[in-house]
Amino acid sequence: MPARPDAAPVARRNASAECEALLHEVSAREAQQAAVLGRWHQMTVDAYTAQHVGPMSPRIGPAFALIGLYLALERGLDGLQVRDAHGFLARTKHDWPAFEAPAHSWPMTVFDIAIADGPMDHAEAVRRWGASVWDAWTSEHARVRALADPLLAQWAPRSGS
């Protein structure tokens, strides 16, 4: 879905219209091929959100994105479990801390996912993208763990996706 030539940047996402259009294209592919790619969609959303933190971003966005990447990459949860954790957190916590994006040049973006060749390449690209975004936020890892772990102590992930 190409962006309209006159489309304005998406301020709350700190993203260009073209970048948002690529996210929608990737999300549509993940929905169309849900049997293979559905488990990767949450990481797509979290990696994209964590890469697009800006002054107009609602504080819940970066917090949930970083918690999602932490849960997937360090605790091994699948996308449905991460989404379930987000739902639990949304019902239990409302004062989210601010996160300022790291000064970083991103080795991967949603563009790399959009050009992936087939579902298996797409899935591997999303995994690498999520890991690269999480790595860029290394200075916040301890803070994310300290935020997420106590809040999720009373939550149990559903088994499997």
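A charge is taken to sit over a ring if NZ of Lys or CZ of Arg is within 6 Å of the ring centre and within 35 degrees of the ring normal. The model is predicted, so that local features need pLDDT of at least 70 and side-chain atom pairs count only at pLDDT 80 or more, while totals for chains, interfaces and linings use all residues. Residues are numbered from 1 along each chain as its sequence is written, and side-chain values use heavy atoms, with hydrogens and water left out.

Select R143 and F99 to begin: R143 lies over the face of F99, at 4.2 Å from the ring centre. Then select R39 and W40, where R39 lies over the face of W40 at 4.8 Å from the ring centre.

Turn next to ring pairs, for which rings of Phe, Tyr and Trp (its six-membered ring) must have centres within 6.5 Å, with planes under 30 degrees apart counted as stacked, over 60 as edge-to-face and the rest as tilted. By this rule there are three aromatic pairs. Select F64 and W96, whose ring centres are 5.0 Å apart with planes at 90°, so this pair is edge-to-face. Because F64 lies in helix α4 (residues 60-73) and W96 in the loop between α5 (79-92) and α6 (110-114), the pair ties together parts that are 32 residues apart in sequence; helices here are DSSP runs (H or I, at least four residues), numbered from the N terminus.

F99 is in the loop between α5 and α6, and W137 in the loop between α7 (119-136) and α8 (141-151), 38 residues apart.

Methods
Helix = DSSP H or I, 4+ residues; strand = E, 2+ residues; numbered from the N terminus.
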